[in-house]
Amino acid sequence: MLSIINLNKSYGKVKVVNDLSLQIDAGEIYGLLGANGAGKTTTINMICNLIKADSGQIKINNQPISAATKKLIGIAPQENLLYKTLTCAENLNFFATIYGLDKKTRQQQIQSTLAAVNLLDRAKSPVETLSGGMQRRLNIAVALVHQPKLVILDEPTAGLDIEARYEIWELIWQLKKQGITVLLTTHLLDEAERLCNKIGILKHGKMLAEGSLAALRNIIPAAEILVIQTTQEAEAIACAQAHGFTPKRYANELAFWLPEPLELPEIIARFAGIKIDAIARQNVRLEHIYLEVTQKN
Ligand code: ATP
């Protein structure tokens, strides 16, 4: 569906997208992750033909991006693209007109898109009267109104409460069910973990790691992660290393990669003679993989 090959973009002397390649197959939900300034929005802007790449190729359905491929894409940018004093239906009508939909198609699409984002009962409400979550859903509706094949969602749940986030996740799953391809950016790693079939991790415009979550898990050669609290950290680290555990720090917590799954009594036995105040076992999560990849590079 979307193929990016050796894409480059610099502003002055700063390379903000650096030899970036990625491939998104039809029907996938692809999560592009990276810290602030990693180059996610710049990449999206190039896919949407809003800014020009210095070099490299972007193809949608095997066609180089152009005014024609624009219609295959729907974008919900980070900042809501809505007219606050217009109603939901009026906003959609405006964007559907820009995409060249005729009046009858516009009317049908406004109804079906409002239904898809669960805002049909707010069709006549001005945007300024909607909650933040509703406005985000309407912003996504704008991306859907012309029935694109690829939907790009730039931080679709940023700043939303958990219920509003769930509603947007549900909407994204519905898009996948309809066979629509989704490219999303997020800083929420649990969100990417739940939604995405494929994940790409960007830093300084470079793709550091890419693949399914299962494939990315191979980056961390651990069966599980052990987090412990102890006042005898140096002794605990020495002891754990003697048993083949790899020490790590996650947000100042002392953790160890366990090379094989162990029962709790076996773990405690490995720390014999050390006073452990608390112990927790965790599965390897995207958060651990993300930190591993971005800190190493
Ligand atoms: P965020 O998560 O904060 O949205 P991002 O990964 O989307 O970040 P970009 O917005 O693509 O990052 O920015 C990448 C880099 O390019 C940043 O250092 C930014 O300051 C720089 N940049 C973006 N647009 C321009 C511009 N028009 N002129 C100069 N520098 C720019």
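Buried means under 20% relative accessible area, exposed over 50% and partly exposed in between, with a 1.4 Å probe and protein chains only. By that cut-off, the buried residues of helix α9 (residues 233-242) are A236, C239 and A240. Helices (H or I, at least four residues) and strands (E, at least two) are DSSP runs, numbered from the N terminus.

The model is predicted: local features need pLDDT of at least 70, side-chain atom pairs count only at pLDDT 80 or more, and totals for chains, interfaces and linings use all residues. Residues are numbered from 1 along each chain as its sequence is written, and side-chain values use heavy atoms, with hydrogens and water left out.

**Helix α9**
- A236, C239 and A240 lie on the same side of α9, because they cover an arc of only 95° around the axis (taken from the directions from the helix axis to the C-beta atoms).
- An α-helix has 3.6 residues a turn, so residues three or four places apart point the same way.
- A234 and A242 are exposed on the other side of α9.
- The buried residues of α9 pack against β11 (224-230), β13 (253-258) and α10 (264-270); contact means heavy atoms within 4.5 Å.

**Nonpolar cores**
- A nonpolar core is a set of buried Ala, Val, Leu, Ile, Met, Phe, Trp, Tyr and Cys residues joined through side-chain atoms within 4.5 Å.
- The largest has 56 residues, and L138 and I199 have the most contacts inside it.
- This core takes at least three residues from each of domain 1 (2-217) and domain 2 (221-296); the domain bounds come from an automatic or database assignment.
- Another core, of 24 residues, lies apart from it and includes M1, L7, I152 and L202.
- Beyond its neighbours within four places in sequence, I199 touches residues including Y30, L33, A209 and L286.

**L184**
- L184 sits in strand β8 (residues 181-185).
- L184 is buried, at a relative accessible area of 0%.
- With neighbours within four places in sequence left aside, its contacts include I29, L153, I172 and C196.

**The four-stranded sheet**
- An open sheet runs in the order β2-β1-β4-β5, with antiparallel pairing; two strands pair if DSSP finds at least two bridges between them.
- The edge strands, β2 (14-24) and β5 (63-64), each pair on one side only.
- β4 (residues 55-60) and β5 pair over two bridges, and K59 stands opposite P64 in β5.
- Helix α1 (residues 40-47) packs on the sheet and touches β1 (2-11), β2 and β4.

How values were computed: Axes are lines fitted to C-alpha atoms, for helices over the stretch in contact, and angles run from 0 to 180 degrees between N-to-C directions.
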